[in-house]
Amino acid sequence: MRRLPSLDSLRVFEAAARHLSLTKASDELHVTQSALSHRIQALEAELGITLFRRYARRIELTPAGEILAAGVRRGLGEIMRALASIDPAGATTSLTISVLPSFATRWLIPRLGRFRSEHPEIDVRIAADPALVDFHKGNADLGIRFGRGRYPGLHTQLLMADAVFPVCSPDFRRRMGDLARPDDLLRCTLLHDEAAESDGSGADWVSWFRHVGVHYPGADDGPRFNQAILALEAAASGLGVALARKSLVAGDLESGRLVRLWPEEAPTVFSYYIVCLPERVERGSTAIFIEWLRREAGS
């Protein structure tokens, strides 16, 4: 019987396979890219199998790597479920998640049914609030934050990056006629997310126009909203063009409530991060939910 590789080596491999990026995997695991690369090479040597094809700026799974990645994900999930069932600290099955209202409404809640199906023993409570929660006071077990990833005193791991692009309702697009180029937006009503204009996230109109190389005076005209989801709702109602975060509009684009004007998108400065107290990261339901979040973000 073949000796199993170490669990730590398999976790390193799974992170690289999920991101298909050594940089993102090393950020998540808080190790250097060089150390992560050496671990994967050692795993390949131990197994006698090539798991990745390496290119100048990307990696791809080999057929053998795809098979192993799927098996490791299933195995890690089973281990997490087993730990939850025997962890005395995890006797309670409730889990409170602190998250922005926009992300809760447009990304997390539409996926919660899948988590409930996999883990009916865990009751999830969503605490949607733009204010940062104090984990030391026990107000939440886990958080998902949109920022730069600097949260002193907390365990932090990258969940996913984000990007922005202009969207509007189908009716607004018909009324405006040909919107063939980014500078055509200068004659449209632009909907403003006030939070994005002041938080440095790169999810604002000034940043987007700079990315596409169009001079934008940064005019204050046009409706303004204090939350991203309000600007998206205004766009769906035909009031103008909103700058949508990719993470928040998948459902609207699929249903046809909103249309994307161009394929081009601009990466945001902020990304989504999972945060919790260091002592909770490997405990019961918290560990299970983290693993599930990572799978959802990678799908």
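Colleague: At what angle do helix α5 and helix α11 pack?

Modeller: This is a predicted model. In it, helix α5 covers residues 101–118 and helix α11 covers residues 284–298. Their axes lie 11 Å apart, and the packing angle is about 120°.

Colleague: Is the crossing of α5 and α11 left-handed or right-handed, and which residues of α11 make the contact?

Modeller: α5 passes α11 in a right-handed crossing. From α5, the contact uses Trp107, Leu108, Arg111, Leu112, Arg114, Phe115 and Glu118. From α11, the residues are Ile288, Phe289, Trp292, Leu293, Arg295, Glu296 and Ala297.

Colleague: How many charged residues does the contact of α5 with α11 have?

Modeller: Sorted by class, this contact holds nine nonpolar residues and no polar ones. Arg111 of α5 and Glu296 of α11 are among the residues that make the contact, and Arg and Glu count as charged. The number of charged residues is five.

Colleague: How far apart are the closest N and O atoms of Arg111 and Glu296?

Modeller: Side chains of opposite charge can pair when their charged atoms come close. Arg111 in α5 and Glu296 in α11 are 185 residues apart in the chain, and both are buried. They form a salt bridge, and the closest N and O atoms are separated by 3.4 Å.

Colleague: Which parts of the chain does the salt bridge of Asp252 with Arg106 tie together?

Modeller: The closest N and O atoms of Asp252 and Arg106 are 2.3 Å apart. Asp252 lies in helix α10, residues 250–255, and Arg106 in helix α5, so the pair joins parts 146 residues apart in sequence. Asp252 counts as buried, at 7% relative accessibility. The parts tied together are helix α10 and helix α5.

Colleague: How many salt bridges does a search of the whole structure find?

Modeller: Some salt bridges share partners, and these join Glu14, Arg18, Glu28, Arg73, Glu291 and Arg294 into one network. For the whole structure, the search gives a total of 27.

Colleague: Is Thr286 buried or exposed, and with which residues is it in contact beyond four places in sequence?

Modeller: Thr286 lies in helix α11. Its relative accessible area is 0%, so Thr286 is buried. With neighbours within four places in sequence left aside, its contacts are Leu95, Asp141, Leu142 and Arg280.

Colleague: How do the axes of α1 and α2 cross?

Modeller: Helix α1, residues 7–19, and helix α2, residues 22–29, have axes that come within 8 Å of each other. The crossing is right-handed. The angle is roughly 130°, which makes α1 and α2 oblique.

How values were computed. Residues are numbered from 1 along each chain as its sequence is written. This is a predicted model: local features need pLDDT of at least 70, side-chain atom pairs count only at pLDDT 80 or more; totals for chains, interfaces and linings use all residues. Side-chain values use heavy atoms; hydrogens and water are left out. Axes are lines fitted to C-alpha atoms, for helices over the stretch in contact, and angles run from 0 to 180 degrees between N-to-C directions. Helices (H or I, at least four residues) and strands (E, at least two) are DSSP runs, numbered from the N terminus. A crossing is left-handed if the near helix is turned anticlockwise from the far one by less than a right angle, and right-handed if clockwise. Contact means heavy atoms within 4.5 Å. A salt bridge is a side-chain nitrogen of Lys or Arg within 4 Å of a carboxyl oxygen of Asp or Glu. Buried means under 20% relative accessible area, exposed over 50%, partly exposed in between (1.4 Å probe, protein chains only). Angles under 35 degrees count as roughly parallel, over 145 as roughly antiparallel, 65 to 115 as roughly perpendicular and the rest as oblique.
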